[in-house]
Amino acid sequence: MPPSSLRVVYAFAREMHPKTTDVFIEYGTAGFRTKASLLEHVVYRMGLLAVIRSRVKNGRTIGIMITASHNLEPDNGVKLIDPEGEMLEQSWEEIATRLANVSDNDLEATTVEVIKQVNADMGLKASVFIGMDTRYTSPRLAAAAVHGVMALKGTAKEFGIVTTPILHYCVRCRNDNTYGTPTEEGYYEKIVGAFKNIRAKLPVHGSYNTTLYVDGANGVGGKKLNIIRKSLDGELDLVLYNLGGNGGKLNLNCGADFVKVSQTPPVGVEHAPFQRVASLDGDGDRLVYYYLDDKCNKMHLLDGDKIATLLASYVTELLKACEATDLKLGLVQTAYANGASTKYITEDLKVPVSCVKTGVKHLHHAAQSYDIGVYFEANGHGTVLYSDKAKTTIRRIAQEGEPEQRKAAQLLLNFIDMTNETVGDAISDLFLVETVLCARGQNVKEWMEAYTDLPCRQLKVTVQDRNAISTADAERRCTAPEGLQSRIDELVAAYKSGRSFVRPSGTEDVVRVYAEADTQENADKLAAQVSQAVFDLAGGVGDRPLA
Ligand code: NG1
Ligand code: ZN
């Protein structure tokens, strides 16, 4: 296609999706994310970029997801999905940022420049899958993405309202039909089908209870579970809350992020003591569990670390049972992982654990270095990855092993089918957790007892320029501004089991502060003191450090 025909790129921009703001926007930890009103031109341009990316990948399908995950209703966002269903390759983030920020007048020339730079053959076919969450601003943005795809003569397929992980799954299946069928129904068949298979092999016993209460964050995840619920035939009795009706607002005082960060139960759920409750985030890629004590006073949280350790220990057990001793399982966490979980993984589970920078792409990448890699952010985003070697070995044992080995390997194969390996997935993770609890005959309290979390606190500080903070050592140490790390060290030294770090957020204009210590009071105090240090040394805005 000669560059002259790219005039349509400009025409669509000018007539339908003009750039109306000069605010610089960056492809961050989770794509572009900001007020929905500032995003239309950005999403249009991501439609263009997805077509270029598809052609660079020989016409393989690329995904565009419109969502701002756990953010509140007025925000929205867009992220690209690569052919294997994983996050956009990092080297393209800068290209995405460039394309999003040029003026309408420069858009055509910049598009030509990008096409040359990445050496895209514009004569090839291009395929783009588009999905969106439940925000009222999403349909308009999805339409902008479609126009971007049309402008460069790609083929767009719209999936309507889907969870982020369902779209990742469909992209993967479209490019690799051995993974499954690239439709929402295909997703249910694979994940829920595997769950049912496993339930047929593992009868309910012990203190496991098939009733699970779910907080759907008033987002898409709860809606999809409501579809799944009807096909579960009593294997799991889902009681769903916060499905978006009755005036409930997306992620407002509910959902996985609210529960994790505020350490408070969500609104909208009827509670009874020791009820097992799962809480999803707004686009269905994060999951945490919690329960309340006998008087419904205190909340006990089972976060991403608890889920990771539960899954890793169960898979390790099955690997032992099928004697697949040459398969190495490892766990990946970030600095936000509770110190007690890391200790438990190393000392009790005796599983190798690595710590990487915040952001799923870093965890996903690190997990790929193990035969079986379990990765979770403490906030409940994570999954399990199985290498080809792991899958082949387990399949072979399932056919050729001794009866006991075969049994364990067959369970593992169902477990693999239940896993969405493309990205963290609340629905898939929920079925995995329920499977392990059922297999062990455990209730939520018994699951909690594996290890005791150190009390922790997360705070945010608003500063003039959050990028004035630089970090090293997987964000556990701060290298700028000068003096901040030594101040943090001094503060931490005063607390038993104290640990704290700070880093600029990739999705909000704040600096995040994390602290843990032997008591909740101490964790709160340490977090407040470190926030004050950030405020003083990194240019705090306003009168007080706490945002
Ligand atoms: P930022 O805003 O960079 O901290 C947050 C989460 C990440 C990740 C992204 C994407 C925390 C502390 N941070 O990133 O783990 O999930 O959002 O949604 O939970
Ligand atoms: Zn999310």
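Ligand 1 is surrounded by 14 residues, the closest being E377, S505, G506, T507 and R512; a residue counts here if one of its heavy atoms lies within 4 Å of the ligand. The model is predicted, so that local features need pLDDT of at least 70 and side-chain atom pairs count only at pLDDT 80 or more, whereas totals for chains, interfaces and linings use all residues. Residues are numbered from 1 along each chain as its sequence is written, chains are lettered from A and ligands numbered from 1 in the order in which they are written, and side-chain values use heavy atoms, with hydrogens and water left out.

An open sheet of five strands shows mixed pairing in the order β7-β6-β8-β9-β10. Strands are DSSP runs of E with at least two residues, and helices runs of H or I with at least four, numbered from the N terminus; two strands pair if DSSP finds at least two bridges between them. The edge strands are β7 (237–241) and β10 (299–302). Strand β9 (residues 287–292) runs antiparallel to β10, joined by four bridges, and L292 stands opposite M299 in β10.

Helix α15 (residues 426–440) lies across β6, β8 and β9, contact meaning heavy atoms within 4.5 Å.

Notes. Axes are lines fitted to C-alpha atoms, for helices over the stretch in contact, and angles run from 0 to 180 degrees between N-to-C directions.
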